[in-house]
Amino acid sequence: MWKSRPDEKPITSSPAQPSFTSAAMTPTLAPKAAKETAKSNDPFRADVAHIGKSVLIKGELSGSEDLYLDGEVEGSIDLREHSLVIGPNGRIRASVSARELVVHGRVEGNVRATERVELKKSSTLMGDVSTQRIVIEDGAFFKGAIDIPKDAKVETRKASVAIPHTSTPASVSLAPQGSFLEQK
Amino acid sequence: MRWFRGSGDRQNAPLNNSKAQPRTLRHSAGLAEFMRRIAGEEKLCVLDLGQTSPVNIPFLTQRGARVYNEDLLRAFREKNYLVKQEDGAECLDVTTFFAENFDYSENQFDAILCWDIADYLPEPVVKPLVEKLHKMLKPGGTILGFFHTQDAGPDAPYFRYHIVQNDTLELAQGPNFRLQRVFNNRHVENLFKNFSSLKFFLGRDQIREVLVVR
């Protein structure tokens with residue numbers, strides 16, 4: 001009496017809404033951009049070369065694939081059109097050239113990244129940086145110079161620049177400013 | 001000038017303790033004047049002597065400036081520059097400190113953001129620092145410095161200054177550096193006596209802003 005007949009169709013959601021898998025309730029229509037972001041942040045992807053924290057390299061390190069580096073390098077690193085992630089155990093005393101650089105560990109040396117440099121909160125970077133775009137987390141330590149090449153600046157302004165403004169104050173008070181007192 | 005003697009234990013507190021600290025916006029007439037002076041300049045070279053700021057660096061680089069960051073207070077905290085003299089007394093090795101942390105060429109910078117670090121640096125460093133700033137700054141270059149007023153006590157909190165607009169700063173508390181002294185106006189004038197002009201901007205909080213032009 002209460003069994004549904006095999007020819008009955010199950011009630012489905014409206015086609016405008018995304019459908020969800022029953023196990024994880026993950027939207028099957030997840031935005032492509034979100035997937036790409038997750039992919040680019042995952043250092044353990046199969047297509048990323050990985051250098052572990054016990055590895056010490058002295059000399060010239062170059063390659064044509066993305067690299068996750070958690071060890072020590074003294075010399076130079078040249079990845080040209082690829083991204084480099086320095087892990088939290090990474091200790092680099094080298095000049096670095098890459099498309100994109102993300103630093104969790106420590107870098108001593110000049111950095112040239114054609115697209116972007118990102119300094120995470122645990123990072124230390126001592127050296128001069130030349131890049132189109134820089135993102136610095138609160139807590140990162142930087143000592144040196146930052147140069148955004150002029151032609152790159154135009155592109156940066158066109159794109160929405162991500163400045164990690166860490167917090168919005170709940171209550172904002174504007175301390176009044178007094179007037180000019182004296183001039184020598 | 002008022003001095004604040006004490007153990008200075010707060011100076012040794014951990015560096016990254018500014019999380020979840022309240023942030024306050026503060027109008028800054030000195031900063032507005034500073035930004036007006038550097039506006040429109042080509043190939044601007046700016047030195048920021050405060051802690052690495054995730055806000056200041058993008059703010060200045062987006063205006064075409066090449067930004068240098070030099071956190072002198074952190075440099076003092078990370079290494080002991082005290083040396084023993086022949087008579088056994090300890091003194092600060094200022095020469096080594098500047099050689100390791102402040103090696104810039106003459107006339108290199110168009111502008112320097114000094115913030116209030118002069119109030120927190122050890123006494124033997126302050127005057128040599130200002131002399132170095134004079135050499136490093138181009139003629140006509142500008143320094144923005146903050147000085148605590150007489151109302152500030154030794155426990156006045158240390159703030160990091162983030163530039164959010166041309167005339168507005170965001171103050172983020174910490175780390176726990178200890179205020180070393182309070183300069184009065186005459187001392188500030190003497191400190192910058194080799195510069196061509198000084199402008200004072202008085203706030204209703206415990207900070208005076210000073211715009212110095214070489």
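Modeller: In chain B, 41% of the 214 residues count as buried, that is, with 20 or more other C-beta atoms, placed from the backbone, within 10 Å of their own; 12 or fewer makes a residue exposed, and anything in between partly exposed. This is a predicted model: local features need pLDDT of at least 70, side-chain atom pairs count only at pLDDT 80 or more, and totals for chains, interfaces and linings use all residues. Residues are numbered from 1 along each chain as its sequence is written, with chains lettered from A and ligands numbered from 1 in the order in which they are written.

Chain B has six helices and 13 strands (DSSP runs numbered from the N terminus: H or I of at least four residues, E of at least two). Its C-alpha atoms fill a box of roughly 55 × 40 × 30 Å along the principal axes.

Now to helix 5 of chain B, residues 123-136. Its 14 residues should span 20 Å at 1.5 Å a residue, and the end C-alpha atoms lie 21 Å apart, which agrees; the expected span is 1.5 Å times one less than the number of residues. B:V125, B:L129, B:V130, B:L133 and B:M136 are the buried residues of this helix. Viewed down the axis of helix 5, they fall within an arc of 130°, so they line one face; the arc is taken over directions from the helix axis to the C-beta atoms.

What do the buried residues of helix 5 of chain B pack against? Their partners in chain B are strand 6 (90-92), helix 4 (94-101), strand 7 (109-115), strand 8 (137-148) and helix 6 (185-191). Contact here means C-beta atoms, placed from the backbone, within 7 Å.

Key:
Two residues are in contact if their C-beta atoms, placed from the backbone, lie within 7 Å.
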